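Reader: I'm new to this one and would like to know where the labels come from. Can we go through them one by one?

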Amino acid sequence: MKIKRLIKWSLLTVLVVLVTWLQIAYWTSTNDCGRRIPSGAELMKAIRYCEYGPPDMVLRLEQVAKPVPNDNQVLVRVHAVSLRFIDGGMLEDSVPGRLMFGLRKPKNTIPGSDFAGTIETVGKSVTEFKPGDEVFGIRAGCLAEYVLVRQNGAIATKPANVNFEQAASIPTALVALQGLRDTGQVKAGQKVLINGASGGIGTFAVQIAKAYGAEVTGVCSGRNVEMVKSLGADHVIDYTKEDYTKNDQRYDVIYDLVTNHSFAERRRVLKPGGICVITGVGGSGMHEETLSRFLGVFTASLRSKFGSEKFVIFGVDINKKDLAVLRDLTESGKIMPALTKTYPLTQTAAAYKYLETGHASGKIAIKID
Ligand SMILES: NC(=O)c1ccc[n+]([C@@H]2O[C@H](COP(=O)([O-])OP(=O)(O)OC[C@H]3O[C@@H](n4cnc5c(N)ncnc54)[C@H](OP(=O)(O)O)[C@@H]3O)[C@@H](O)[C@H]2O)c1
């Protein structure tokens, strides 16, 4: 009897502590939107959102204080930002979004993560970069005229053969590079299928798999077939007409950005010992199928532990070394960003809306004049 009461009170205490903690976390979760800009601070333009909500309701072009680099940072004059799936997710009023980006209000109020620009000033201890260097990289909060980046952060010199909008589109290719090279261990002569071949990551995945010497099949909708072919795919399947899991082909690697087939369906088209690199659940934004696909990701990975075909959940590692690999691949002409739309900064909300359809083709960029 005593033990039962003890357990009951312990559980009740844990519950009260948890609810209190959540309430405190919720009410203390704030951002810098209400704060005054220090007098005398230099100003810059930035896209900001102070509350969660649809892009056209919450995104505003505002003046904020221009950041000043510390000893180990560089100040980049941003010329272009390319949007990726996480940028849209940051704005959304969803439970996962609130858990990741701030319970009551978004903590970081400037969105954007993939940039390209010119170094304006460098901190005292910076040796790798100098003012005037053209760079690209990943830094949260870059949808602004300037962004600060640590010299050891995800920043590298820009490929010489692309413009700033194209360069800003390249960092997302880390997802394709690492997924195919490290997790998929793609080798020359292997058959690789890219599901979601026409999107921001897929368009790079097709080119990177080709660069590794694979025979590549891309899966996309009919309107994107020609684009995926032009990127080098040997075969393209229009998913509105044909289901890749129902034909006779067998693949060494399935690089899956959509996860719209069951474990059994995908295993059937994998060669013995083949691997499915589970990378995404479809185009950017939250869709009806997103939650069930997320569950499919985990069940497939668990079920594959008992067979010779592996289903591995892949997560990108943002690092400087692989940005340099992407620069070299670009300069050697092996990859080229499939940039399909460019928007001015004032039309950032429209760019987000397009991305959130889940059917954006290739990459889209914001140009900052
Ligand atoms: N694992 C990681 O570390 C990581 C990192 C970043 C992103 N991701 C994930 O990767 C996924 C793709 O990201 P993204 O930036 O490439 O998105 P995106 O640019 O929005 O990709 C959209 C593409 O998905 C295609 N698509 C939609 N439904 C499809 C279907 N049923 N079959 C084949 N293709 C379909 C669309 O092609 P159509 O218009 O032709 O239908 C469109 O071109 C997202 O789920 C994202 O969360 C994962």
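Reader: What makes helix α7 largely enclosed by the rest of the structure?

Author: Bear in mind that this is a predicted model. A residue is buried if 20 or more other C-beta atoms lie within 10 Å of its own. Eight of the ten residues of α7 (residues 202–211) are buried, so the helix is largely enclosed by the rest of the structure.

Reader: Which residues of α7 are buried, and what do they pack against?

Author: The buried ones in α7 are Gly-202, Thr-203, Phe-204, Ala-205, Val-206, Gln-207, Ile-208 and Ala-209. Their packing partners are α6 (173–183), β8 (191–195), β9 (215–220), α8 (225–230) and β11 (251–256). After α7 comes Gly-213, with a positive phi near 85 degrees.

Reader: Why does Lys-310 count as partly exposed?

Author: Buried takes 20 or more C-beta neighbours within 10 Å, exposed takes 12 or fewer, and partly exposed is in between. Lys-310 has 17 such neighbours inside 10 Å, so partly exposed is the label. Lys-310 sits in strand β13 (residues 310–313). Leaving aside residues up to four places away in sequence, Lys-310 touches Ile-275 and Ser-304.

Reader: How do you know that the ligand lies between the two domains?

Author: The assignment gives domain 1 (43–170 + 338–367) and domain 2 (173–313). Both of them give residues to the shell around the ligand, so the ligand lies between them. That shell has 32 residues, and the closest are Gly-199, Gly-200, Ser-221, Gly-280 and Gly-283.

Reader: How does the shell around the ligand divide into nonpolar, polar and charged residues?

Author: The shell holds 13 nonpolar residues, 18 polar ones and one charged. Gly counts as polar in this scheme.

Reader: How far apart are the C-alpha centres of domain 1 and domain 2, and how many residues does each give to the contact?

Author: The C-alpha centres are 28 Å apart. Domain 1 puts 16 residues into the contact and domain 2 puts in 14. On the side of domain 1 that touches domain 2, the elements giving two or more residues are α3 (85–91) and α12 (348–356). That side of domain 1 is made up of five nonpolar, seven polar and four charged residues.

Reader: Why does the radius of gyration of the chain agree with a compact globule?

Author: A compact globule of 369 residues would come out near 21 Å, and the chain has 23 Å, so the two agree. Along its principal axes the C-alpha trace spans about 75 × 70 × 40 Å. Buried residues account for 44% of the 369. As for secondary structure, the chain has twelve helices and 15 strands.

Notes. Residues numbered from 1 in each chain as written. Predicted model: local features only at pLDDT ≥ 70, side-chain atom pairs only at ≥ 80, totals over all residues. Near = placed C-beta within 6 Å. Domains from an automatic or database assignment. Helix = DSSP H or I, 4+ residues; strand = E, 2+ residues; numbered from the N terminus. Contact = placed C-beta atoms within 7 Å. Rg over C-alpha atoms; globule rule 2.2 N^0.38 Å.
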